[in-house]
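The following exercises are to be worked with the sequence and the coordinates at hand. Each task is followed by a stepwise solution.

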Protein chains: 2
Amino acid sequence: MKLYTYFRSGAAWRVRIGLHWKGVDFESVPIDLRKGGQAAAEWLARNPQGLLPGLELDDGTLLTQSLAILEWLEETRPEQPFLPQEPVARARVRAVALAIGADMHPVQNLGVLKRVEALTDAETARRWAHDTVARGLQSVEGLVGRNPGPFAFGAEPTLADILIVPQLFNARRFGVDLKPFPRVLEIEAAASALPAFQAAHPDAQPDAD
Amino acid sequence: MKLYTYFRSGAAWRVRIGLHWKGVDFESVPIDLRKGGQAAAEWLARNPQGLLPGLELDDGTLLTQSLAILEWLEETRPEQPFLPQEPVARARVRAVALAIGADMHPVQNLGVLKRVEALTDAETARRWAHDTVARGLQSVEGLVGRNPGPFAFGAEPTLADILIVPQLFNARRFGVDLKPFPRVLEIEAAASALPAFQAAHPDAQPDAD
């Protein structure tokens, strides 16, 4: 299995956590989309969205979209689950994952920030990213605040934690004050102690600079 | 079951399609979030994201996030499936759903357009919405273009079609030329013939103005 990845991509990071959590062997194939050029054109030919990550199966099938890949992992490797069994509990975990994966991350990704900067200036784009993440984390704290810890939904990590941890890296990059989000910080601390989360961190990737 | 909805909300529209497709009886509770005020404050107390839709189960449990609600529907009512059975096929359907639900819709929702307008002007915000949807539909056309029709993945509608149809309503509102997307238009035509899609349309809602 090959993961097309970029060490700083939050979406690729999520899939790295999932693969390590399930104990799946995979080869990392780094693509630096910021550099554009030939690599980006070749990648676009394979993935019409032109985004990372992509997971190539041994028969050449390419899966895209981090949440779709993670659901596929959960369905094909049910051991070490990151979704609970009961449908309402699954819906709650997925709602937190989507609050980040749909309503927060895509509104602060590199492409959107470049568009904001082109319309305004670099400082306004930075503030856009900051405000998007600060408001988003406030929602996440509201969604998981009353759940038992240390993870978003209790004693074991779920898909929610897999989305939360990479988003905090961006939060710090954009200068978001995390003190108002104690549950979110508790989740990050608990996750940081797990080998799967450690192995997936940007600093542990072959393309880290 | 009660659906907290707004007739023009694309996310609520998706869940309406899913409920009608599964033959689930539900009561629509319209909330006009554009008016803000008391309704919005009460809703925020129930859903920390403050977004629509919400599906209230008979025991009072509130489910949020349209894609999480649709997955719950599929898990609890497997008849009339809108996901295929095979894991890779499921991942492909979900990838199209997420290309819209994560990478397109949230970047052109009302909140983001208000932020763009506050930084620039109304015409720039309209162009932002237009460009977001035009680029997004180009990706979707690329993802489903070579699949058999008339739906996104063949003879029966899937989660992908449930996301595509409401997005086209916004595309027209923003003046996007749909001629370059023949597969997407074929999907819309096929879906429009189905009672579940007809019953979910904004014009058929009790709060339509």
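**Exercise 1: the sheet**

In chain A, 4 strands form an open sheet of mixed pairing, in the order β2-β1-β3-β4. The model is predicted, local features requiring pLDDT of at least 70 and side-chain atom pairs pLDDT 80 or more, while totals for chains, interfaces and linings use all residues. Residues are numbered from 1 along each chain as its sequence is written, chains are lettered from A in the order in which they are written, and side-chain values use heavy atoms, without hydrogens and water.

Task: Determine which strands are the edge strands of this sheet, and describe how strand β1 of chain A pairs with β2(A).

Solution. 
1. Strands are DSSP runs (E, at least two residues; helices are H or I, at least four), numbered from the N terminus, and two strands pair if DSSP finds at least two bridges between them.
2. β2 (27-30) and β4 (62-64) of chain A each pair on one side only and are the edge strands.
3. On average, neighbouring strands are turned by 25 degrees against each other, direction ignored.
4. β1 (residues 2-5) of chain A and β2(A) pair in the parallel sense over 4 bridges; K2(A) stands opposite E27(A) of β2(A).
5. Helix α1 (residues 10-21) of chain A lies across β1 and β3 (54-56) of chain A, at about 155 degrees to β1(A). Axes are lines fitted to C-alpha atoms, for helices over the stretch in contact, with angles from 0 to 180 degrees between N-to-C directions.

**Exercise 2: the domains**

Task: Characterise the contact between domain 1 of chain A and domain 2 of chain A.

Solution. 
1. Domain 1 comprises 2-80 and domain 2 comprises 87-196 of chain A, with bounds from an automatic or database domain assignment.
2. The centres of these domains, taken over C-alpha atoms, are separated by 20 Å.
3. Contact (heavy atoms within 4.5 Å) joins 12 residues of domain 1 to 16 residues of domain 2 in chain A.
4. The count between the two domains is 1 salt bridge, that is, a side-chain nitrogen of Lys or Arg within 4 Å of a carboxyl oxygen of Asp or Glu.

**Exercise 3: the two copies**

Solution. 
1. The same surface serves both copies, as 100% of the contact residues of chain A recur in chain B.
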